[in-house]
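Have the model open as you read.

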Amino acid sequence: MSGFGYRITGDKATRVAVKEALDGTADLIWVHLTSNEEEAQAWLRDEAKLSSYIVDALTAMETRPRCEAFDDGALLNLRGRSHEALDVSDLLASVRIWAVKGRVYSVTRKPLCAVGTVEKDVKAGQIVDPGDLIAAFATAITADLDPQVADLGDMLDDCEESLDANKVFELRRHVTRVRVEAIAYRRFLNPQRTALENLAGLPGEWLAADDRQHLASAADRAARMAEEVESIRERASLIHEALTDLRAEQIDRRSLVIAIVAMIFLPLTFITGVYGMNVANLPYAQSPWAFDAIMGFCLAITVGVLGYFMRKHWFR
């Protein structure tokens, strides 16, 4: 089983192995597990002595952001960016946290970027209680996600500025990717905001006033990102419709050109077909000027058809 633990007393934090984390006393013990389901379940059940419901919640395969209060603590699920490339339909990795007075257990199945940031805060002596640790997780996750959401908006701005019928296929690929990522972020940002708001309002002495303020700030930031993602989805839909219209206009223009060519060559093909027949008594077949006359007639038809289309402004 992989992971680490910290024993924190005052502003001093000592990193230890998971097996040694619960030995001895400290103001705050933080155990972080990055393991498979069976190993984590066994340690949480046998060593940490957690209830089966909490163990199952911390090691579940599929999770969504939520917050549940219990008599002596709270269960919190959050989603954040991962170091690894994840599936496009599930872009955010989860962290599951169980916090009680004096102890915090966190579990991840994929490497979470925010863990490194929280660990730096612990080493710097900024974490002294469970509320600080949870607020650090919420702040680090939202701060890490904010630039990603902003980048989606910037990509959409570039697509709007580059709207061109000659770039339809390329722009549609970019817009589709932005829409897919926005949908994936929106799936978790809305419930994450609700979870943080619920946690900030929980009763209990283990959440200090400043912790509640940090959680409320993180919830507000998550709400702003959720609104931005929703705006990106709507803008992407509008751009997609504009690109579809440009593509339709492009097809119409090409169809018009094909129709013009067909109208020009249809009578020409008929005339040349008639005089190309290998039969006797064709009019003027033996006349030396007949070829020039037929070519001139064909040219006159071509000029006439083109002039008609130009008068109708069908080339615009």
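## The second largest pocket

By class, the lining of the second largest pocket splits into four nonpolar, four polar and four charged residues. Here Ala, Val, Leu, Ile, Met, Phe, Trp, Tyr, Cys and Pro count as nonpolar, Asp, Glu, Lys and Arg as charged, and the others, Gly among them, as polar. This is a predicted model, where local features need pLDDT of at least 70 and side-chain atom pairs count only at pLDDT 80 or more, while totals for chains, interfaces and linings use all residues. Numbering runs from 1 along each chain as its sequence is written, and side-chain values use heavy atoms, with hydrogens and water left out.

The residues lining the second largest pocket are T117, D121, Q126, I127, D132, A135, A136, T139, A140, D210, D211 and H214. A pocket, on a 1 Å grid over the protein atoms alone, is an open set of points where a 1.4 Å probe fits, with protein on both sides within 12 Å along at least five of seven lines, and lining residues have an atom within 4 Å of a point. The space in the second largest pocket comes to about 210 Å³, counted as the space filled by probe spheres set on the points, with grid points joined across faces, edges and corners.

Which helix gives the largest share of this lining? That's α4, with five residues. At least two lining residues come from each of α3 (113-123), α4 and α6; helices are DSSP runs (H or I, at least four residues) numbered from the N terminus.

Helix α4 (residues 130-161) and helix α6 (residues 209-275) have axes that come within 9 Å and cross at roughly 20 degrees. Axes are lines fitted to C-alpha atoms over the stretch in contact, and angles run from 0 to 180 degrees between N-to-C directions. So α4 is roughly parallel to α6 (angles under 35 degrees; over 145 is roughly antiparallel, 65 to 115 roughly perpendicular and the rest oblique). The crossing of α4 with α6 is left-handed, with the near helix turned anticlockwise from the far one by less than a right angle (right-handed if clockwise).

α3 and α4 pack at about 135 degrees with axes 9 Å apart, which means α3 is oblique to α4. Their crossing is right-handed. The contact (heavy atoms within 4.5 Å) includes V115 and V118 of α3 and F137 and I141 of α4.

## α4 with α5

Helix α5 (residues 168-200) packs on α4 at an angle of about 155 degrees, their axes 10 Å apart. α4 and α5 are therefore roughly antiparallel. By class, their contact has 17 nonpolar, three polar and two charged residues.
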